Amino acid sequence: MATVYFYEKPGCINNTRQKKLLTAAGHQVIAKNLLTEPWQKERLRAFFGSEPVHQWFNYSAPAVKKGALDPSQISEEQALALMLKDRLLIRRPLMQVGDVRVVGFDQHKVHNWIGLTEILAGADLESCPRTSGTEPHDYLHGTVEK
């Protein structure tokens with residue numbers, strides 16, 4: 001199984017659920033605080049790969065939710081500069097296994113990458129349940145697809 005460096009926002013409900021799925025699959029999870037990590041532009045950029053810039057963003061971040069920032073109108077350079085100033089803008093989690101780095105937690109992509117033993121059917125593991133209008137307990141009770 002893999003050793004996963006997992007950059008999270010401590011206390012995030014979905015990051016906790018994501019780590020549980022990884023651990024249940026036998027992976028070793030080394031959790032790191034995304035908000036206090038000493039990021040440099042090149043290191044942060046490596047997690048986004050070929051994803052379009054707008055997909056680098058956490059759409060639950062206050063600046064995005066309030067409309068102060070439109071991720072679809074931001075260049076790569078602007079995005080990185082903004083994210084280095086306001087870490088809440090970074091889509092979570094950032095994960096690294098060996099030299100491979102990814103952003104976000106699409107269960108099927110993670111399964112194809114390093115393997116999961118279960119996938120929570122219909123569960124949104126990326127949107128913040130505290131800001132989406134759905135109560136956190138609604139996200140904690142999903143059907144499990146093996």
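Guide: One term to begin with: accessible areas come from the Shrake-Rupley method with a 1.4 Å probe, and for residues only the protein chains shown count as cover. On that basis the chain exposes about 7,800 Å², of which carbon and sulfur atoms supply 51%. This is a predicted model, where local features need pLDDT of at least 70 and side-chain atom pairs count only at pLDDT 80 or more, while totals for chains, interfaces and linings use all residues. Residues are numbered from 1 along each chain as its sequence is written, and side-chain values use heavy atoms, with hydrogens and water left out.

Visitor: What percentage of the residues count as buried?

Guide: Of the 146 residues, 40% do. Buried means under 20% relative accessible area, exposed over 50%, and partly exposed in between (1.4 Å probe, protein chains only).

Visitor: And how many helices and strands?

Guide: Six helices and six strands. The order from the N terminus is β-α-β-α-α-α-β-β-α-β-α-β. Helices (H or I, at least four residues) and strands (E, at least two) are DSSP runs, numbered from the N terminus.

Visitor: Start with α1. Which residues are buried there?

Guide: I13, N14, N15, R17, Q18, L21 and L22. Just after α1, G26 has a positive phi of about 95°.

Visitor: Change of topic. How many aromatic pairs?

Guide: Four. Rings of Phe, Tyr and Trp (its six-membered ring) pair if their centres lie within 6.5 Å; planes under 30 degrees apart count as stacked, over 60 as edge-to-face and the rest as tilted. One of the pairs is Y7 with F47, edge-to-face, at 5.7 Å centre to centre and 75° between the planes.

Visitor: Why does that pair tie together parts that are apart in sequence?

Guide: Because Y7 lies in strand β1 (residues 3–8) and F47 in the loop between α2 (41–45) and α3 (62–65), the pair links parts 40 residues apart in sequence. Y7 is buried at a relative accessible area of 4%, and F47 is buried at 1%. Y7, W39 and F47 form one aromatic cluster.

Visitor: What lies over the face of F47?

Guide: R101, at 6.0 Å from the ring centre. A charge sits over a ring if NZ of Lys or CZ of Arg is within 6 Å of the ring centre and within 35 degrees of the ring normal.

Visitor: What does the side chain of Q96 make a polar contact with?

Guide: The side chain of R101, at 3.5 Å. A polar contact is a pair of N or O atoms within 3.5 Å; within protein, one must be able to donate a hydrogen and the other to accept it, and residues adjacent in sequence count only if both atoms are side-chain atoms. Q96 is in strand β3 (residues 94–97) and is buried, with a relative accessible area of 13%.

Visitor: Which residues is Q96 in contact with, leaving aside neighbours within four places?

Guide: T3, V4, Y5, F47 and R101. Contact means heavy atoms within 4.5 Å.

Visitor: And L94, buried or exposed?

Guide: Buried, at 0% relative accessibility. L94 is also in strand β3, and beyond its neighbours within four places its contacts include Y7, W39 and F47.
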